[in-house]
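Please read this note with the model open beside you. Take the points in order, and find each residue before moving on.

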Amino acid sequence: MTRSDSSDGPPPFESAFSSDDAEQQIYATILQTREPTAASSVAETVGCDPKTARKYLGWFAELGIVTRHEGHPATYERNDSYFEWRRINDLAAKHSVEELQRRVRELSEEIDAYESEYEASTPDEVDALRAADETADASIDDVYADLGEWATARRERRQYERARQQRAGSTEQVSR
């Protein structure tokens with residue numbers, strides 16, 4: 001279903017980049033922003049009128065998809081909390097409690113292996129240059145790749161655990 005098929009929701013997450021209409025393009029553009037951006041910049045990127053960009057960005061702000069920062073001009077940025085919430089809800093809807101728990105265990109084992117290998121509890125504690133120097137068969141690129149995967153595993157474990165808790169809570173409510 002496309003946005004034009006529904007009048008009460010955001011554009012489909014999966015096809016945000018496939019449409020040619022201004023709304024979809026504004027959505028796709030704001031998803032890619034990492035810092036507050038003025039509506040005029042979004043409009044310029046999309047090739048639409050700034051009023052159109054402000055209209056849709058305001059709507060996205062009301063939905064929680066973007067955060068509006070007051071100022072002259074007002075700026076907008078992607079609301080990462082919204083997308084994490086959406087990801088957790090999606091995981092809870094698509095997986096059983098057992099599947100979510102199994103994935104949490106897998107990710108925990110992966111994280112434990114990184115903690116042991118680098119003798120640190122988080123990737124931020126690792127000095128990548130020193131770690132590469134101390135490991136004969138690892139390049140600095142290998143260490144950076146490990147640190148990135150380790151950080152991803154930590155983030156995913158948190159999301160899967162929150163989805164498991166959410167799913168377990170909804171299962172308990174149904175069984176009462």
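This is a predicted model: local features need pLDDT of at least 70, side-chain atom pairs count only at pLDDT 80 or more; totals for chains, interfaces and linings use all residues.

1. Next, the charged pairs. Side chains of opposite charge can pair when their charged atoms come close. How many salt bridges does the structure hold? The count is 10. The next points take up some of them.

2. Look at aspartate 80. One partner is arginine 34, and the closest N and O atoms of this salt bridge are 3.9 Å apart. The pair links distant parts of the chain. Aspartate 80 belongs to helix H4, residues 80-94. Arginine 34 lies in the loop between H1 and strand S1 (37-38). The two residues are 46 residues apart.

3. Stay with aspartate 80. Arginine 78 also forms a salt bridge with aspartate 80, and here the closest N and O atoms are 2.6 Å apart. Taken together, Arg34, Arg78 and Asp80 make up a network of salt bridges.

4. Is arginine 34 buried or exposed? Arginine 34 is exposed, because its relative accessible area of 62% is over the 50% cut-off. Aspartate 80 has 45% relative accessibility, so it counts as partly exposed. Arginine 78 has 22%, and it too counts as partly exposed.

5. Arginine 78 has another contact. Its charged end sits over the ring of phenylalanine 83, 4.4 Å from the ring centre.

6. Now move to arginine 103. This residue forms a salt bridge with glutamate 156, the closest N and O atoms being 3.3 Å apart. Again the pair links distant parts of the chain. Arginine 103 is in helix H5, residues 97-118. Glutamate 156 is in helix H7, residues 140-175.

7. Which ring does the charged end of arginine 103 sit over? The ring belongs to tyrosine 160, and its centre is 5.9 Å from that charged end. Arginine 103 itself is partly exposed, with a relative accessible area of 25%.

8. Turn to the aromatic rings. Six aromatic pairs turn up in a search of the whole structure. In one of them, the ring centres of tryptophan 59 and phenylalanine 60 are 5.6 Å apart. Their planes meet at 40 degrees, so the pair is tilted. Tyrosine 82 and tryptophan 85 form another tilted pair, with 5.8 Å between centres and 40 degrees between planes.

9. Where do tyrosine 82 and tryptophan 85 lie? Both are in helix H4, three residues apart, or about one turn of the helix. Tyrosine 82 is buried, because its relative accessible area of 11% is under the 20% cut-off.

10. Find the aromatic cluster. Its members are Tyr27, Trp59 and Phe60. Tyrosine 27 sits in helix H1, residues 22-32. Tyrosine 27 and phenylalanine 60 are 33 residues apart along the chain, yet their C-alpha atoms are separated by 8.1 Å. Tyrosine 27 is buried at 0% relative accessible area. Phenylalanine 60 is buried as well, also at 0%.

11. H5 has 22 residues. From its first C-alpha to its last it reaches 31 Å, close to the expected 32 Å.

12. Which residues of H5 are buried? They are Leu100, Val104, Leu107, Ser108, Ile111, Tyr114 and Tyr118. Seen down the axis of H5, the buried residues fall within an arc of 125 degrees, so they line one face of the helix. The face turned away from that buried side carries the exposed residues Glu98, Glu109, Ser116 and Glu117.

13. Glutamate 119 follows the helix. Its phi is near 50 degrees, a positive value in a residue other than glycine. Glutamate 119 is in the loop between H5 and helix H6 (128-134). With a relative accessible area of 74%, glutamate 119 is exposed.

14. Last, a peptide bond to inspect. Histidine 72 and proline 73 are joined by a cis peptide bond, with omega about 5 degrees. Proline 73 lies in the loop between strand S2 (66-69) and strand S3 (75-78).

Definitions and conventions: Residues are numbered from 1 along each chain as its sequence is written. Side-chain values use heavy atoms; hydrogens and water are left out. Helices (H or I, at least four residues) and strands (E, at least two) are DSSP runs, numbered from the N terminus. Buried means under 20% relative accessible area, exposed over 50%, partly exposed in between (1.4 Å probe, protein chains only). A salt bridge is a side-chain nitrogen of Lys or Arg within 4 Å of a carboxyl oxygen of Asp or Glu. Rings of Phe, Tyr and Trp (its six-membered ring) pair if their centres lie within 6.5 Å; planes under 30 degrees apart count as stacked, over 60 as edge-to-face and the rest as tilted. A charge sits over a ring if NZ of Lys or CZ of Arg is within 6 Å of the ring centre and within 35 degrees of the ring normal. The expected span of a helix is 1.5 Å times one less than its number of residues. The arc is that of the directions from the helix axis to the C-beta atoms.
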